[in-house]
Amino acid sequence: MPPTLASLVHHSALKLTVRAGEDRLDVPVRWAHVSELADPVPYMEGGELLLITALKLDADNPEAMRRYVKRLVGAGVVGLGFAIGVNYEDIPEALVEAAEQEGLPLLEVPRRTPFLAISKAVSAAIAADQYRAVTAGFAAQRELTRQTLTAGPEGLLAALAAQVDGWAALYDASGAVVAAAPEWAGRRAARLTTEVERLRDRPAPASAVVAVPDNEDRVELHSLGTGRRPRAALAVGTAAALGTAERYAVHSAIALLTLTTERSRSLYAAEQRIGAAVLRMLLAGEPDHARAVAGDLYGGLLDAPFRVIVAEVASGPAARSHTEADADALGELAEVVESAAARSGESVLVVPDGDRLVVLAADGGAAVAACVAHAAALEAARPVREQAGGDEQELVVGLSAPVGPIAATAAYKQAEQALSVARRRGRVCVEHEQLAAGSVLPLLADDAVKAFADGLLRALHEHDATGRGDLVASLRAWLSRHGQWDAAAADLGVHRHTLRYRMRRVEEILGRSLDDPDVRMELWLALKATSAE
């Protein structure tokens with residue numbers, strides 16, 4: 001521990017005597033400083049033992065001494081050493097009383113003890129304390145390294161918690177607690193998810209000091225990883241601020257966990273390459289080869305119904321290029337899906353595919369649920385982003401129906417179809433089942449469909465604009481009644497012969513036969529598309 005006033009008083013060679021403030025001798029001394037200035041406060045940093053002979057002080061003046069001592073205490077001076085036998089044979093009573101009133105320890109320095117001896121004693125004690133801290137830090141580093149190699153991150157956290165006399169926790173990229181030590185610390189660490197998420201948004205390396213809700217712990221958060229986006233975080237909780245040795249231990253833990261994280265990233269990249277090969281084989285209609293390549297890594301995923309998720313970033317008109325924002329949005333989705341799968345023990349296949357992300361996840365599992373929940377959160381936050389005037393890239397996701405390995409190609413097409421619909425509708429996420437369960441009519445809002453409808457019906461609208469008939473309304477009524485003349489004529493309030501004449505005019509103008517079911521279908525969809533405007 002650093003030197004204190006008490007350790008200096010007990011130093012046999014210094015022969016110091018306490019004249020005031022005996023109850024405050026356990027204060028650490030940062031340095032010993034000699035100053036004969038009447039006002040040395042501008043040159044103080046706090047934590048000093050100030051040594052004086054009162055060469056320029058009116059030490060017998062009670063009022064002057066009260067002001068002098070009061071300023072020293074305000075500047076953080078922890079003690080005052082007064083040399084007797086130089087300018088004063090004894091410490092003036094005015095100074096003793098002022099020190100007692102302000103609670104400032106006052107030490108009598110005998111004439112045979114030079115100030116240099118006190119400075120050397122303080123310096124030696126500080127150096128010894130630093131040496132002990134460095135030695136303890138290296139010992140902690142060796143222990144943390146040993147635990148990392150033998151027991152992994154869990155062993156490292158346990159050793160770190162013991163070193164700092166507190167607790168430690170490791171978070172994944174999504175802010176979920178991966179491991180904690182001691183075991184009870186997991187619940188406490190889980191309360192800091194929001195702070196970990198804030199830390200993740202800052203460029204690495206980043207750190208923050210936070211407080212656990214309903215607890216007096218002092219918690220330090222540190223991001224882990226060398227990339228622009230941290231892939232993990234470390235929390236260290238203690239009852240008080242960390243000392244030098246504890247700080248060494250924390251920094252060692254950060255370095256070791258960062259190395260572990262970077263190694264995990266290399267393994268992750270290798271897994272992604274295997275996943276890409278498995279995906280290509282599935283889409284090529286080779287499920288048996290895909291299973292053989294996947295092995296234990298993805299094999300369980302291919303033995304049960306899974307969903308294909310295709311995601312990309314839809315840019316606004318002012319931002320069409322593939323940027324870091326695209327990668328961030330897709331990377332965030334990948335982290336959400338992978339973290340959910342890891343927590344539930346599921347297998348998941350995540351493959352970056354150019355400016356897309358392709359995911360194979362177990363049907364009904366946590367990964368699919370996390371994907372849908374993430375999309376819903378983005379959808380809910382959209383009004384806020386729009387109000388802020390952002391024209392930023394937005395994630396768009398399409399989900400297939402549950403399939404097996406044999407139908408992987410069909411599932412990929414389903415996911416692409418759902419993705420296309422989500423993009424046209426301005427939605428974040430669309431599931432393929434929603435398309436089958438809903439109506440085709442919302443799909444007619446596509447600009448290409450509207451252009452086709454306008455072109456197909458333009459001649460009829462131009463005819464009606466001359467006032468020579470109501471061919472568009474008549475065609476709509478006739479198609480809605482499935483070609484039943486009497487019913488359609490009744491709806492229009494005209495004779496059925498009039499309706500027959502109008503339908504012949506429609507055929508003449510369009511040059512197409514209404515007896516053709518494809519023609520009737522196209523006309524009906526065109527009418528629906530134009531009426532939806």
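## Overall architecture

The model is predicted, so local features need pLDDT of at least 70 and side-chain atom pairs count only at pLDDT 80 or more, whereas totals for chains, interfaces and linings use all residues. Residues are numbered from 1 along each chain as its sequence is written, and side-chain values use heavy atoms, with hydrogens and water left out.

The protein chain has 17 helices and 15 strands, where helices (H or I, at least four residues) and strands (E, at least two) are DSSP runs numbered from the N terminus. Of the 533 residues in the protein chain, 45% are buried; buried means under 20% relative accessible area, exposed means over 50%, and partly exposed lies in between, with a 1.4 Å probe and protein chains only. The protein chain exposes about 26600 Å², of which carbon and sulfur atoms supply 53%, the areas coming from the Shrake-Rupley method with a 1.4 Å probe, and only the protein chains shown counting as cover for residues.

## A loop residue, D26

Between β1 (17-20) and β2 (31-34) there is a loop, and D26 lies in this loop. D26 has a relative accessible area of 59%, and is therefore exposed. Although D26 and V78 are 52 residues apart along the chain, their C-alpha atoms are separated by 9.9 Å.

## The buried face of α6

Helix α6 covers residues 193-200, and its buried residues are V196, L199 and R200. Seen down the axis of α6, these buried residues fall within an arc of 100 degrees, so they line one face of the helix; the arc is that of the directions from the helix axis to the C-beta atoms.

## Aromatic pairs

Rings of Phe, Tyr and Trp (its six-membered ring) pair if their centres lie within 6.5 Å, and planes under 30 degrees apart count as stacked, over 60 as edge-to-face and the rest as tilted. By this rule the count comes to two aromatic pairs. The rings of F82 and Y88 have centres 6.0 Å apart and planes at 55 degrees, so this pair is tilted. F82 counts as buried at 0% relative accessibility, and Y88 is also buried, with a relative accessible area of 18%.

The rings of W478 and W485 have their centres 5.5 Å apart, with their planes at 40 degrees, so this pair is tilted. W478 is buried, with a relative accessible area of 7%, whereas W485, with a relative accessible area of 22%, is partly exposed.
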